[in-house]
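Please keep the view at hand and follow the points in order.

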Amino acid sequence: PICPECEMKNWEEIKNKKYKKLFDVPKEVYSKSYFLRNVREYYTRFGKLSEKQVEAFKKTVEKLKNN
């Protein structure tokens, strides 16, 4: 297992404008959610996300920002 801070340090810059906007989330929100970090890591590996992944990511971000 990798601590959230260590995991986020290794993230590469997102160049795709659509995904750059999607992943523009405060690090505090990422540190609260393994799911968000996992989706970001998936994008880094494969370069794309399904619409369901994007929807779930957005919903989770909103929930965490409101709590």
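1. A contact, in what follows, means heavy atoms within 4.5 Å. With that rule, and leaving aside residues up to four places away in sequence, Tyr 42 touches Gly 47, Lys 48, Leu 49 and Gln 53.

2. Before going further, a word on the basis: this is a predicted model, where local features need pLDDT of at least 70 and side-chain atom pairs count only at pLDDT 80 or more, while totals for chains, interfaces and linings use all residues. Residues are numbered from 1 along each chain as its sequence is written, and side-chain values use heavy atoms, with hydrogens and water left out.

3. What is the chain built from? It has five helices and zero strands, taking helices (H or I, at least four residues) and strands (E, at least two) as DSSP runs numbered from the N terminus. The order along the sequence is α-α-α-α-α. The chain is as compact as a globular protein of 67 residues, because its radius of gyration of 11 Å is close to the 11 Å from the globule rule. That radius is taken over C-alpha atoms, and the rule is 2.2 Å times the number of residues to the power 0.38. Along its principal axes, the C-alpha trace spans about 25 × 25 × 20 Å.

4. How much of the chain is buried? The share is 31% of the 67 residues, where buried means under 20% relative accessible area, exposed over 50%, and partly exposed in between (1.4 Å probe, protein chains only). Looking at contacts between residues at least 6 apart in sequence, 59% join residues at least 24 apart.

5. The aromatic rings deserve a close look. Rings of Phe, Tyr and Trp (its six-membered ring) pair if their centres lie within 6.5 Å; planes under 30 degrees apart count as stacked, over 60 as edge-to-face and the rest as tilted. By this rule there are seven aromatic pairs. One of them is the stacked pair of Tyr 19 and Phe 23, at 6.3 Å centre to centre with 25° between the planes. Tyr 19 counts as buried because its relative accessibility is 6%, and Phe 23 is buried too, at 4%.

6. Tyr 19 also pairs with Tyr 43, this time in a tilted arrangement with 4.5 Å between centres and 35° between planes. Which parts of the chain does this pair link? Tyr 19 belongs to helix α2 (residues 17-22) and Tyr 43 to helix α4 (residues 34-46), so distant parts of the chain, 24 residues apart, are joined. Tyr 43 is buried, at 10% relative accessibility. Ring pairs link Trp 11, Tyr 19, Phe 23, Tyr 30, Tyr 43 and Phe 57 into a cluster.

7. Back to Tyr 42, which is found in helix α4. Is this residue buried or partly exposed? Tyr 42 counts as partly exposed, at 34% relative accessibility. Its C-alpha lies 21 Å from that of Lys 63, a residue 21 places away in sequence.

8. Lastly, find Ala 56 in helix α5 (residues 51-66). Ala 56 is partly exposed, with a relative accessibility of 29%. Between the C-alpha atoms of Ala 56 and Pro 4 there are 20 Å, and 52 residues separate the two along the chain.
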